[in-house]
Amino acid sequence: MIHVKDLQKQFGETHVLRGISCDVAPKEVVCIIGPSGSGKSTFLRCLNALEKPNGGEVVVNGFAVHDPKTNLNTLRAGVGMVFQRFNLFPHMTVLENLIMAPMALKGLSKADAISRAEKLLQKVGLIDKIDAWPSSLSGGQQQRVAIARALAMEPSIIFFDEPTSALDPELVGEVLAVMKQLALEGMTMVIVTHEMGFAREVADRVVFIDQGVIQEQGTPEQLFTHPTNPRTKEFLSKVL
């Protein structure tokens, strides 16, 4: 579902991504770990063209992200994105946040959009907050609404950019529980995370990025228990 070959990204003189290559299969859960500033979030943002690659190939759901002729709105209609900050529209209720895009971009009737939203809010345990304003919700609740909003477009892939890093520690579990359920249901996910226990439990593959390159990747068992790259070993010794 995702094919990346020799992805390059620069910001001025700073070479952030230095030749990333990897593929993601349908229903695969890939967790990306690494130190701050290593290029993890930039890599994710290049996958749905929030950042424009300076070189290489990026193909997502059959769409060539690197091709200027690609219709990015069509690409993004099939790809969900959950950010570190929740990015809910503050002037809309929870329900309005969920129904806007399916109605505007996919042509759903209001009744169908509301029905879908209600099912998704049940799924994330927030049906009782359907008429609430985002400002009245906890961080964990807002992030669960953000996940429901991404799911409302019925994407085939969801990208998560450090979805729990802005949360108080006691709120992290409720968001990870929703993500674990999505993994069990076969959603294709690429997750930038600092939650090593979550990556160990849920990921099919863990990718360690540092200094703009993939230093090592493998199953959670391989990477966390038997890392071979010295930089991977050094990183894990500090975070585990």
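How are α3 and α5 oriented to each other, roughly parallel or roughly perpendicular? I will come to that after a word on the model. This is a predicted model, in which local features need pLDDT of at least 70 and side-chain atom pairs count only at pLDDT 80 or more, while totals for chains, interfaces and linings use all residues. Residues are numbered from 1 along each chain as its sequence is written, and side-chain values use heavy atoms, with hydrogens and water left out.

Now the helices. Helices here are DSSP runs of H or I with at least four residues, numbered from the N terminus. Helix α3, residues 94-106, packs with α5 at an angle of about 25 degrees, and their axes are 8 Å apart. Axes are lines fitted to C-alpha atoms over the stretch in contact, and angles run from 0 to 180 degrees between N-to-C directions. α3 and α5 are therefore roughly parallel to each other, a term for angles under 35 degrees. Their crossing is right-handed, meaning that the near helix is turned clockwise from the far one by less than a right angle. Val94, Asn97 and Leu98 of α3 make the contact with Val145, Ala148 and Arg149 of α5; contact means heavy atoms within 4.5 Å.

Next, the other partner of interest. Helix α5, residues 139-151, packs with helix α6, residues 169-184, at an angle of about 20 degrees, with axes 8 Å apart. That makes α5 roughly parallel to α6. Here too α5 passes α6 in a right-handed crossing. The residues in contact include Arg144, Ile147 and Leu151 of α5 and Val175, Val178 and Leu182 of α6.

On to the interior. A nonpolar core is a set of buried Ala, Val, Leu, Ile, Met, Phe, Trp, Tyr and Cys residues joined through side-chain atoms within 4.5 Å, and buried means under 20% relative accessible area with a 1.4 Å probe, protein chains only. Which residues touch the most other members of the largest nonpolar core? Of its 52 residues, they are Ile33, Ile147 and Phe160. α6 gives the most to this core, with eight residues. Leaving aside neighbours within four places in sequence, Phe160 is in contact with Leu44, Val82, Ile147, Met179, Leu182, Met189, Val190, Ile191 and Val192. Another core lies apart from the largest one and has 27 residues, among them Leu7, Val79, Phe159 and Ile209.

Last, helix α1, residues 40-47. α1 is mostly covered, with six of its eight residues buried. Those buried are Lys40, Thr42, Phe43, Leu44, Cys46 and Leu47. After α1 comes Ala49, with a positive phi near 65 degrees.

Terms used
Helix = DSSP H or I, 4+ residues; strand = E, 2+ residues; numbered from the N terminus. Parallel < 35°, antiparallel > 145°, perpendicular 65-115°, else oblique. Buried < 20%, exposed > 50% of the residue type's maximum accessible area, 1.4 Å probe, protein only.
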